[in-house]
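This briefing covers one protein chain, topic by topic. Please keep the sequence and the structure in view while reading.

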Amino acid sequence: MDFDRVLPQESSPQLDDDTVKYEGGSKHGIKALMVMDDLRKRQQLCDVTICVGNKQLRAHRIVLCSLSSYFLAMFTGGMAESYEESVTINEVDGRAAELLIDYAYTGKLDITVDTVQSLLFASSLFQLTAIQKACSDFLLRQLHPSNCLGIRSFADTHSCAGLFEASEKYIHEHFNDVVQNEEFLLLSPNELALLLTCEDLNVNSEEDVYNALIAWARENVEERQSFLAELLGKVRLPSLSPHFLVDQVEKEELIRQDIACRNLLDEAKNFHMLPDRRGKLRGEKSRPRRSTYGSLYSVCGMDSTGHPVKSVEKYDFHSGKVKLVAPVNTARSGVGVAVLDGKMYAVGGHDGTTYLNSVECYDIRTKQWKYVASMAHARRYVAAAALDGLLYAVGGYDGFAVLDSVEVYDPRLDQWKPAANMANPRRHVAVGVLDTKDATGDGSGPGYLYAVGGHDGINYLKTVERYNPETNEWTCVASMGARRGGVGVATLGGCLYATGGYDGASNLSTSERYYPDEDRWAFVAPMSVCRSGHGVGVVNGCLYALGGHDGVSYRNKVEYLNPQVGEWTTVGPMGMSKAVAGVAVVKEY
């Protein structure tokens with residue numbers, strides 16, 4: 001085979017009339033290495049022996065220098081190895097060194113499960129960046145709950161930043177599987193402490209983190225008991241339910257034997273029993289991990305063309321991504337949405353032709369929508385809320401009149417029944433729920449339902465009514481400072497928040513907070529943009545507003561209010577620009 005090529009005359013620089021320039025083809029260097037590899041195998045013209053372990057590897061210095069800057073420095077830097085016929089390298093595995101020297105001659109290397117770690121270490125020492133990356137990529141494909149902790153430790157030791165970050169992310173994402181394996185039980189206290197402090201652990205609840213710690217401690221109680229209190233402090237005990245704290249944590253013998261652990265348990269119990277003192281525990285201990293926030297759903301609504309949609313968008317706070325989930329069966333604008341017993345309900349609305357009385361239910365486990373019993377009345381621009389195991393549909397518009405009627409759904413019976421009418425008919429109304437402790441201070445009873453603002457068919461309203469399910473009565477409470485139809489309402493920190501809306505003249509950015517113990521409203525920080533027909537939801541102590549109309553166009557940007565900071569922050573788009581959608585926050589587990 002001819003490995004050379006003559007350059008065409010038109011592309012070759014002319015030296016004179018009788019001379020052309022040619023250069024070797026792309027296989028010229030390969031041919032040279034093939035010849036040198038053949039010489040190596042016959043041990044001809046070799047000028048160095050690399051001694052690694054029990055292996056003595058004959059080679060040519062020039063080839064090793066072309067492979068690695070490590071050998072280039074060794075053989076040309078004036079060191080003793082430059083003149084010695086035999087060079088001993090103690091740090092690497094003999095088989096790995098043999099494979100890499102073979103690679104220097106052939107350009108081929110088989111990476112296997114058995115050789116990858118030794119090759120990665122040797123290639124790191126020999127400064128073979130491409131081989132390091134190939135080994136790292138191989139290990140990435142091998143990540144598994146049973147080996148990811150070891151791979152992370154190996155990557156950290158050998159400064160493989162990309163592999164370290166990828167394995168770290170894998171550990172966090174698959175935490176509940178990782179803790180079932182031996183590698184987890186062999187972690188040092190310091191390694192475990194770093195893991196437990198991570199915000200991004202993908203867990204169903206903080207119970208998973210607590211159970212993992214106890215399993216680790218039980219593996220060697222005698223040696224690990226002294227570290228338990230410090231590590232328990234990394235678990236966000238206030239995020240555990242009161243029942244779990246009493247039924248599981250308090251009864252755990254390892255906790256009972258340690259006074260520092262008992263103090264941490266008492267602190268968590270006080271967080272639940274003395275809510276007025278929670279300010280002392282604000283911070284990481286009381287903040288749930290991102291994976292337990294739940295997801296923010298935007299259900300149906302009206303798109304920028306004015307048509308109702310059936311799509312459902314989900315924002316996952318753990319992944320930070322928006323994706324489409326199963327659509328409802330019927331397109332709905334002006335829909336009411338609420339969460340009851342971990343299931344999401346889409347109530348009423350308008351499908352572009354008909355005012356709807358139908359209701360659909362989304363099961364998080366099956367990820368499917370199904371119809372449940374229909375309401376007695378069709379309702380568009382209806383508000384929905386869950387209270388004491390029941391679902392309420394409040395007000396709305398049936399195509400003929402604005403409604404003051406209220407219906408209540410019992411999921412156990414799959415039946416709707418009427419509740420007491422409001423004092424005012426209301427469409428574009430919003431509802432919020434406050435428990436009786438927040439509303440009255442006595443802590444007895446199921447709580448109260450508040451109907452906020454809306455439009456009565458003539459005027460936009462600032463009035464607010466409170467429903468008592470025990471007496472089946474509505475009572476007027478303090479009015480807001482502004483008229484608000486298409487208002488967004490949610491409960492946060494024992495108060496109602498009313499955001500945006502339309503006052504009959506313009507869309508609003510202002511927000512108000514209702515203090516139930518004082519029966520008064522006060523203005524708080526305004527949103528960054530005007531919104532009406534938007535939705536709101538509470539996640540991790542912050543109030544999120546999304547969608548709506550600003551008076552000119554439909555919005556898809558999301559912003560949130562942190563009451564501790566007192567200002568709104570924009571976090572990006574939700575997906576489709578739309579208004580009069582339903583918004584809900586659902587825990588996935």
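The points below go from the whole chain to single residues.

The model is predicted. Its protein chain has 18 helices and 31 strands. The radius of gyration is 34 Å, well over the 25 Å that the globule rule gives for 589 residues, so the chain is more spread out than a compact globule.

**Overall shape and surface**

- Taken along the principal axes, the C-alpha atoms of the protein chain fill a box of roughly 105 × 80 × 40 Å.
- Of the 589 residues of the protein chain, 49% count as buried.
- The protein chain exposes about 28,200 Å², and carbon and sulfur atoms supply 48% of that area.
- Among contacts between residues at least 6 apart in sequence, 53% join residues at least 24 apart.

**Annotated domain**

- UniProt, in an unreviewed entry, places the feature "domain: BTB" at residues 46-113.
- Residues 46-113 are 41% helix and 19% strand, and the end C-alpha atoms of this span lie 32 Å apart.

**Aromatic pairs**

- The structure holds 20 aromatic pairs.
- Tyrosine 460 and tyrosine 502 form an edge-to-face pair, because their planes stand at 80° and edge-to-face applies over 60 degrees; the ring centres are 5.1 Å apart.
- This pair links distant parts of the chain, with its two residues 42 residues apart. Tyrosine 460 sits in the loop between strand 19 (448-452) and strand 20 (464-468), while tyrosine 502 sits in the loop between strand 23 (495-499) and strand 24 (511-515).
- Tyrosine 460 counts as partly exposed at 23% relative accessibility, and tyrosine 502 is partly exposed with a relative accessible area of 25%.
- The rings of tyrosine 514 and tryptophan 521 also have centres 5.1 Å apart, but their planes are at 40°, so this pair is tilted.
- Both tyrosine 514 and tryptophan 521 are buried, which means that each has under 20% relative accessible area.
- One aromatic cluster is formed by Tyr293, Tyr315, Phe317, Tyr544 and Tyr560.

**Charges over rings**

- Arginine 61 has its charged end over the ring of phenylalanine 75, at 4.8 Å from the ring centre.
- Arginine 466 has its charged end over the ring of tyrosine 448, at 4.3 Å from the ring centre.

- Glutamine 127 has a phi near 60°, a positive value in a residue other than glycine. Glutamine 127 lies in the loop between helix 5 (116-125) and helix 6 (129-142).
- With a relative accessible area of 45%, glutamine 127 is partly exposed.
- Lysine 367 likewise has a positive phi, near 60°, and is not a glycine. The loop that holds lysine 367 runs between strand 12 (359-363) and strand 13 (368-372).

**Serine 205**

- Serine 205 is found in the loop between helix 11 (189-196) and helix 12 (206-219).
- The relative accessible area of serine 205 is 24%, so this residue is partly exposed.
- Serine 205 and glycine 150 are 55 residues apart along the chain, and their C-alpha atoms are separated by 26 Å.

Terms used: Residues are numbered from 1 along each chain as its sequence is written. This is a predicted model: local features need pLDDT of at least 70, side-chain atom pairs count only at pLDDT 80 or more; totals for chains, interfaces and linings use all residues. Side-chain values use heavy atoms; hydrogens and water are left out. Rings of Phe, Tyr and Trp (its six-membered ring) pair if their centres lie within 6.5 Å; planes under 30 degrees apart count as stacked, over 60 as edge-to-face and the rest as tilted. Helices (H or I, at least four residues) and strands (E, at least two) are DSSP runs, numbered from the N terminus. Buried means under 20% relative accessible area, exposed over 50%, partly exposed in between (1.4 Å probe, protein chains only). A charge sits over a ring if NZ of Lys or CZ of Arg is within 6 Å of the ring centre and within 35 degrees of the ring normal. The radius of gyration is taken over C-alpha atoms; the globule rule is 2.2 Å times the number of residues to the power 0.38. Contact means heavy atoms within 4.5 Å. Accessible areas come from the Shrake-Rupley method with a 1.4 Å probe; for residues, only the protein chains shown count as cover. UniProt positions are given in the numbering used here, feature names are shortened, and annotations may be inferred rather than shown by experiment.
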